[in-house]
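Colleague: Could you walk me through this model, pockets and helices included?
Modeller: Gladly; here it is.

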Amino acid sequence: MQYFFMFLAFLCGVVFPIQAGLNGKMTKIVENPILAAFLSFLTGLITLGIYAIITKVPLKQITHAQNAPWYVWFAGILGAFYVSTVVILIPRLGVAFTFGLIVAGQMAISMALDHFGLFDLPVKHISIGKIIGAILLIIAVVLIRKF
């Protein structure tokens, strides 16, 4: 089962640049990156709604959200920031360089989240191996930019 989850994580990595490319195409069609991002989220909302209905997700549990800490609501804002920013960056930086920087940023914050157990996540301390891996990732981003 662990390999299946690893495959899903890899698949998410594959999907992000494709999503960005498609959102870039939509930006050209509607002539506005924010409108393209809005349409992307609208399509996602509709898809999740259909999925929830088909799989019979207990929608009454949505009322539990009123007990959520205030900061968890930033997830939607961060998602909007992410999609909108990627749509703007792809034509300026290219897909490989943009996502190289994104992955480097994801790795940096992921190690901090793991190390400090933020948001009630399990603590997984930073090791020398993780630091070396992050440095190699940054070197890869530099190489992508230069060549």
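**Pockets, helices and loops**

Modeller: To start us off, the largest pocket is lined by Cys12, Phe16, Leu78, Phe81, Tyr82, Thr85, Val86, Leu89, Ile102, Gly105, Gln106 and Ile109. This is a predicted model, where local features need pLDDT of at least 70, side-chain atom pairs count only at pLDDT 80 or more, and totals for chains, interfaces and linings use all residues. Residues are numbered from 1 along each chain as its sequence is written, and side-chain values use heavy atoms, with hydrogens and water left out. A pocket is an open set of points on a 1 Å grid over the protein atoms alone, where a 1.4 Å probe fits and protein lies on both sides within 12 Å along at least five of seven lines; lining residues have an atom within 4 Å of a point.

Colleague: Which helix supplies the largest share of the lining of the largest pocket?
Modeller: Helices here are DSSP runs (H or I, at least four residues), numbered from the N terminus. H1, H3 (74-93) and H4 (95-116) each supply at least two lining residues. The largest share is six residues, and it comes from H3.

Colleague: How much space lies in the largest pocket, please?
Modeller: Its lining has nine nonpolar, three polar and no charged residues. In this scheme Ala, Val, Leu, Ile, Met, Phe, Trp, Tyr, Cys and Pro are nonpolar, Asp, Glu, Lys and Arg are charged, and the others, Gly among them, are polar. Volume is the space filled by probe spheres set on the grid points, which are joined across faces, edges and corners. For the largest pocket that gives about 410 Å³.

Colleague: And which helix gives the most to the lining of the second largest pocket?
Modeller: That pocket holds about 220 Å³ of space, and its lining includes Ala9, Phe99, Val103 and Ser110. The elements giving two or more residues to this lining are H1 and H4. With six residues, the most comes from H4.

Colleague: What does H4 reach from its first C-alpha to its last?
Modeller: H4 has 22 residues.

Colleague: Which helices are included in what covers the buried residues of H4?
Modeller: Buried means under 20% relative accessible area, exposed over 50%, and partly exposed in between (1.4 Å probe, protein chains only). Among the buried residues of H4 are Phe97, Ile102 and Leu113. Their cover includes H1, H3 and H5 (128-146).

Colleague: Is Thr27 buried or exposed?
Modeller: Thr27 sits in H1 (residues 2-30). Leaving aside neighbours within four places in sequence, Thr27 is in contact (heavy atoms within 4.5 Å) with Asn32, Pro33, Ala36 and Val87. Its relative accessibility is 15%, so Thr27 counts as buried.

Colleague: Where does Lys56 lie?
Modeller: Most residues other than glycine have a negative phi. Lys56 is not a glycine, yet its phi is positive, about 55°. Lys56 is exposed, with a relative accessible area of 70%. Its place is the loop between H2 (33-54) and H3.

Colleague: Last one: is Phe119 buried or exposed?
Modeller: Phe119 also has a positive phi, about 60°, although it is not a glycine. Phe119 is in the loop between H4 and H5. At 58% relative accessibility, Phe119 counts as exposed.

Technical notes. Expected span 1.5 Å × (residues − 1).
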